[in-house]
Amino acid sequence: MTNKDLADLIFPNITKTVEDYEKIYPERDLPEGVYVTRFAPSPTGYMHIGGFYQALIDYIIAKNSNGIFYLRNEDTDKKREVETAVQLIMETLNKYKIIPDEYEYKEEIIGNYGPYIQSERIEIYHAFIKRLIEIGRAYPCFCTKETLEDLRHNQEEKKMRTGYYGRFAKCRSISIEEAINRIKNGESYVIRFKSLGDFNNKIIFEDLAKGRLSLSENDIDEIIMKSDTMLPTYHFAHVVDDHLMHTTHVVRGEEWLPSVTKHIEMFKAFGFKPPKYIHTPLIIKKEGDSVRKISKRKDPEASMSYYEEKGYPEMAVIESLMTIINSNYEEWHNANPEKTFLDFKFSPKKMSSSGALYDLEKLNNISKNYISKLTKEEVYNGLLKWTKEYDKEFYELITKYEDYTKNILNIEREQKKPRKDYASYSEVKGQIFYMYDELYNPSTYEWVNITDKEEINKILNIYIDKYFDVTDKEVWFNNIKLLTDELGYCSNMKEYKENPDNYKGSVADISTVLRVALTSKSMTPDLYEIMRLLGKDRIIERIKKLEEEL
RNA sequence: GGCCAGUUGGUGAAGUGGCUUAACACACUGCCCUUUCACGGCAGCAUUCAUGGAUUCGAAUUCCAUACUGGUCACCA
């Protein structure tokens, strides 16, 4: 009885060899220095911002070198799998235009290195495991969950390092004959990798983000194939897939750092060259005095769906993440405002090595700036898209009054320093609702200095009767000044500030009365533009209605 | 507990022995501009880089120790 017999017993139908697969998936025909990266999420039905962050890095480094960015679905954990997860991932990547060059979606495979869904690659993994068994680098392990738990407790008691290694790796010493018999008897087993490492040996590992690290060699006999599904574990699938798909750079979260020595040993066992690694910091959040991983349950902003629901423009979200990825991004972008994030040269060394704190305030700021630089059409289209999904009533309204809405959105926009009113599309309605009669039904008015009803009525009546004019901004404002003087207020702010006691108030107070009377708000964009868009009829109508209420 | 990593203002951070009396940005505060708000302008916001020690003419930057924070130690990825 030999290892070969054991391998054939476990994988009787696997005929292709490692060499066959090497031929099927040859080296990619790419120029020197071109990067191949991948986004490899597990389909749990949730798009975490940390995952998206990694995908963004993958995408940038691939595009920086005109390389390949592909998507691989890591669905080896059938218990956690969620049906709609793949669709969610694809939709999110598409929404943000982080489009993979190779992927598998809805039965369609794009690219020559597929399948790109791990559960469809089971024969490939089996061929590689078979080889490992044949050469004595993998073996079946019959230990039960209980046995393993006992082992761990024992080790903990004796203050030893926990794990299945060295003399604790019981099933290592099972003879081939015994193993074959037990398998034939239907005993449940996993396949473990047989490590040749020595924990006391240090190896130097170079991570592109974290630099040179001194790590202990792996000596754990890691499980590489699960008992029930015969699917590989992450560790093994990573080695096989990233080798066959010729990934040059693996971007993954730093939670993988402790297992990198396992992966390196497995690559070595096959004689493969490991990829370069970029272990990214976790996205964390401040809570009280401590920081913690941003969490799916506690933090809505951990999910990419949050940003969609709030209506943040995609580019604003990307840019806010870029500032975390490389903190010099913002400076670079200010110096090169016409360039996009894709022109930015990403540097893993510049990536923060501690946790990255995702700051919603920063996002708001970036988003305000971003939206302020858009044209009225772009804002309108963004608003249209968002309201269609999340605010049907408003959607109908802005569709009905398309040009009118664009003009509203254009107030103080086409100037060197446009207004920064909106951080997201969900904020727009709350700031311009008063421009729509359908939405304008104020119950309170934000009067400021002048609150006397008779005075307000007087101001409004005289204004309508004598001074109403919206044909030209200068004329409009001059009229307001005339009104101001006529009523005993001061039309010159400088003078008013010098001698406030000489007047009933200033032109600012008069303007505010008009502003509040027409919009109910004390803070709005340029009043002249608002009045021009509202038109005389609606202005009079609103004032009349207000008088009735006063 | 073992192993690994990190620790610079309220926040993201620049910084790898003298150019740092610590860049830039966000937030905040004050003033100015101004018909409101916003925008914009100006100013303020760490005498100090977790703590202690060492090396050095000189340290945020090198070394050692301590503390704290995070990651990991699953048939999860």
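1. Overall size. Chain A has a radius of gyration of 33 Å, whereas a compact globule of 550 residues would have one near 24 Å. The radius is taken over C-alpha atoms, and the globule rule is 2.2 Å times the number of residues to the power 0.38. Along the principal axes, the C-alpha atoms fill a box of roughly 110 × 50 × 45 Å.

2. Ground rules. This is a predicted model: local features need pLDDT of at least 70, side-chain atom pairs count only at pLDDT 80 or more, and totals for chains, interfaces and linings use all residues. Residues are numbered from 1 along each chain as its sequence is written, while chains are lettered from A and ligands numbered from 1 in the order in which they are written.

3. Make-up of the chain. Chain A holds 22 helices and 14 strands. These are DSSP runs, numbered from the N terminus: helices are H or I with at least four residues, strands are E with at least two. Of the 550 residues, 33% are buried. Buried means that 20 or more other C-beta atoms lie within 10 Å of the residue's own; exposed means 12 or fewer, and partly exposed is in between, with C-beta atoms placed from the backbone. Take the contacts with a separation of 6 or more: 72% of them join residues 24 or more positions apart. A contact needs C-beta atoms, placed from the backbone, within 7 Å.

4. A three-stranded sheet. Look for the open sheet with the order β5-β6-β9 and antiparallel pairing. Its edge strands, β5 (138-141) and β9 (223-225), each pair on one side only. Strands pair if DSSP finds at least two bridges between them. β5 and β6 (residues 190-193) have four bridges, in the antiparallel sense. Y139 has R192 in β6 as its bridge partner.

5. Helix α15. Which residues of α15 (residues 392-400) are buried? They are F394, L397 and I398. These residues lie on the same side of α15 because they cover an arc of only 90° around the axis. The arc is that of the directions from the helix axis to the C-beta atoms. K392, T399 and K400 are exposed on the other side. The cover over the buried residues includes α14 (376-390), α16 (402-409) and α17 (428-432).

6. Residue Y503. Find Y503 in the loop between α20 (493-498) and α21 (507-519). Y503 counts as partly exposed because it has 19 C-beta neighbours inside 10 Å. Leaving out residues up to four places away in sequence, Y503 touches G488, Y489, C490 and Y496. C490 is 13 residues from Y503 along the chain, and their C-alpha atoms are 6.1 Å apart.

Conventions:
Two residues are in contact if their C-beta atoms, placed from the backbone, lie within 7 Å.
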